[in-house]
Structure formats: structure tokens, C-alpha cells
Amino acid sequence: MTGISDSTDEAQIIASILAGNTHLFHDLIRPHERSVYAMALSLLHNEADAEDAAQEAFLKAFRNLAKFRGESKFSTWLISITLNEARSRLRSKKTVKMESLDEPPESQGSVTPALLRDWREIPSEALERQEIRALIQQAITDLPLIYREVFLLRDVEELSVNQSAEALGISIASVKVRLHRARIMLQKKLVPQLKRVSPKRRWFSWS
Amino acid sequence: MVIECKHVWEHISDYLDGTLSPEIREEVQKHLEHCEICSAILDSTRNILILTADERVFELPLGFSERLHARLEAEIRGIAPAPSTPRNSNETSTGERSAFTEPDEPSDE
């Protein structure tokens, strides 16, 4: 994601905002809009809620910018704020109580992947198809919440295992276990679906 | 020592992250060399992680940026991001803990 020079730029922009150039906050957050929204949408399931939560997360980041210490990347800090914003919204919705932070019963043991003999790689270009994007979005949002949170932080937002553990308030070991299960659950769900929709002729030349 | 398929599955995530011990990694690799099922599981999982991390999966709704920046603009004109201006002292005291160092959620493990 952000390289060293980018994070130096970011630190300078933040210092400048805190010194009074508040309009620079617009530029600071522009590269992070999509990832904050993706996080909110995956957790809240609903576009309107997700947009509102994303806006709220950015506002909170602005109000609390002085508390950002630069020990983590700005993006990591922002994602943690978004996570907490989404979590507090989930808690306040009584209907979502069903989707608790408890371990779903079926996943106490190991998770079995979808078995297959060969896998023809699906290139990223396939994401140009709305059908494929929808399948992937759905598979992520269908993950039980405790797995979805870890998966989003680690594999979508690319936080480290330690950062994910800290953001979620769980142990590093739990992050690893949950991440493993989340990945296998996604493999199990998506592999048969993607095999079904992948036109073999088009992608044959890819391998 | 030969390890079974289901043991290999347990290691897929760590294998992809490169966090297996050298001994286990070697066992897994040996297994993968002759097991087409486990190889396909590994390849498909890796493929899925690449797809799910792609920016195109979650697109911003139309007008998202415009609405966001309009709301930010209103906020920025209203307050400055100082830690203790009188105007937002209420908000800073009630709630905005550092999301990163003080998670909202108590540990559930």
C-alpha cells in the first residue's frame, strides 16, 4: 500500500492539518475512501448504513487527528476507527444480536475446504464482471462476524496479524485461527461458484 | 514422515502467509508435490485471496465522494481538530477513544 515516501508525505500533511491547514484533510483521506467503505459495507451489509458509518469514521478521524501518534500507518488507524464505528452500530441494532461475537457452533472443529482436482486460475480481470464481484462480496458478507472482521482487516485491508489482534482486542493466536477458518470457508463457498461461472474458453489461454 | 491431506489443510493459511516452521513447510511441500487435491485447494485459496483483496470488489456508490467531502467541509468549517477546543470538548470526553489502542470490544477469549 503506502510506501515510505507516501507515509512521510502523510505525516507532513497531518502535521500541517494540525497546524491549521484543515482543508488538507480532504487530500489526506482521498486514497482511503474505498477501503473504509468496503470495511463498513462488509460489516453492516447495507449501503446506506455503510456510507453513513464511513462518513462518521472520517469525521471521527478528523476530530481525533491529534491523537494519531504515527506509530501505525494512518490507514491502519482509520480502519480501526471504522471497525469500532461499525461494531457500535451492530451492537445498537437489536436484530443483529443474533449475529453475536460468539463462536458459531459449527466451527468449533476444523473447517473442510472444497475438494477439487485442478484449479484453473481466475485472473483479476474477471472482476470486471458484475456477476463475479457480486459472488465475492456475498461470500465475504456471509462469513460469521468474528471471521469476517479478521478476514477484512488482514486480507482486505492488509493489516498485520499483530495490528489485527490489537484492533479487535483478541490474541494473536485467535487472529490466526479465525483467519484460517475464514479463508477456508471462503474457498469452500467460492470455488464451486466460480468454477460454475467461469467460461473455460476465455481463460484457457491464461494458464 | 508422511502427513495426511487433512493435516495439510490445517496449514494452508500459515503456508500462504509463509509462517510455517521450516520442518512443517517441507512436509507440506512434499505432500503437495504428489497430491493434486491439496495442490488444487492451495491454488484456489491463493487465487481467492487475490480476488477478494482486489479494489474492484467493493465499488464506491455513485456520489459517495461528493457527499463525504461536503459533510467533511461542513465539519471542518465548524471545528478544528485540536484536542480540546471548547466546542468539541464534549465529544472528545464522551467518546472518541483511540480506536487503535483501546478497542471497544472486550476480549472474548
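Trainee: What covers the buried residues of helix 4 of chain B?

Mentor: The cover includes helix 6 (130–141), helix 7 (145–156) and helix 9 (172–197) of chain A, together with helix 1, helix 2 and helix 3 (22–34) of chain B. Keep in mind that this is a predicted model, in which local features need pLDDT of at least 70, side-chain atom pairs count only at pLDDT 80 or more, and totals for chains, interfaces and linings use all residues. Residues are numbered from 1 along each chain as its sequence is written, while chains are lettered from A and ligands numbered from 1 in the order in which they are written.

Trainee: Which residues in helix 4 of chain B are buried, and what makes a residue buried?

Mentor: Among them are B:C38, B:I41, B:L42, B:I48, B:L49 and B:L51. A residue is buried if 20 or more other C-beta atoms lie within 10 Å of its own, exposed if 12 or fewer, and partly exposed in between, with C-beta atoms placed from the backbone.

Trainee: Why is B:D14 called partly exposed?

Mentor: B:D14 has 17 other C-beta atoms within 10 Å, so B:D14 is partly exposed. B:D14 lies in helix 2 of chain B. Leaving aside residues up to four places away in sequence, B:D14 touches B:T19 and B:L20; touching here is contact, that is, C-beta atoms, placed from the backbone, within 7 Å.

Trainee: How do you know that the length of helix 4 of chain B agrees with what a helix should span?

Mentor: The expected span is 1.5 Å times one less than the number of residues. For the 17 residues of helix 4 of chain B that should be 24 Å, and the end C-alpha atoms are 24 Å apart, so the two agree. Helices themselves are DSSP runs (H or I, at least four residues), as are strands (E, at least two), numbered from the N terminus. On that basis chain B has 6 helices and 0 strands, and chain A has 10 helices and 0 strands.

Trainee: How many residues does each chain bring to the contact?

Mentor: Chain B gives 52 residues and chain A gives 63 residues. Helix 4 of chain B gives the most to the side of chain B that touches chain A, with 13 residues. By class, that side of chain B has 27 nonpolar, 11 polar and 14 charged residues. Ala, Val, Leu, Ile, Met, Phe, Trp, Tyr, Cys and Pro count as nonpolar, Asp, Glu, Lys and Arg as charged, and the others, Gly among them, as polar.

Trainee: Why are helix 4 of chain A and helix 5 of chain A called oblique to each other?

Mentor: The axes of helix 4 (residues 47–63) and helix 5 (residues 74–92) of chain A come within 9 Å and cross at roughly 130 degrees. Axes are lines fitted to C-alpha atoms, for helices over the stretch in contact, and angles run from 0 to 180 degrees between N-to-C directions. Under 35 degrees is roughly parallel, over 145 roughly antiparallel, 65 to 115 roughly perpendicular, and the rest oblique; helix 4 and helix 5 of chain A are therefore oblique to each other.

Trainee: Which residues meet there?

Mentor: A:A53, A:A57 and A:K60 are among those in helix 4 of chain A, and they meet a set in helix 5 of chain A including A:L78, A:I81 and A:E85.

How values were computed: Contact = placed C-beta atoms within 7 Å.
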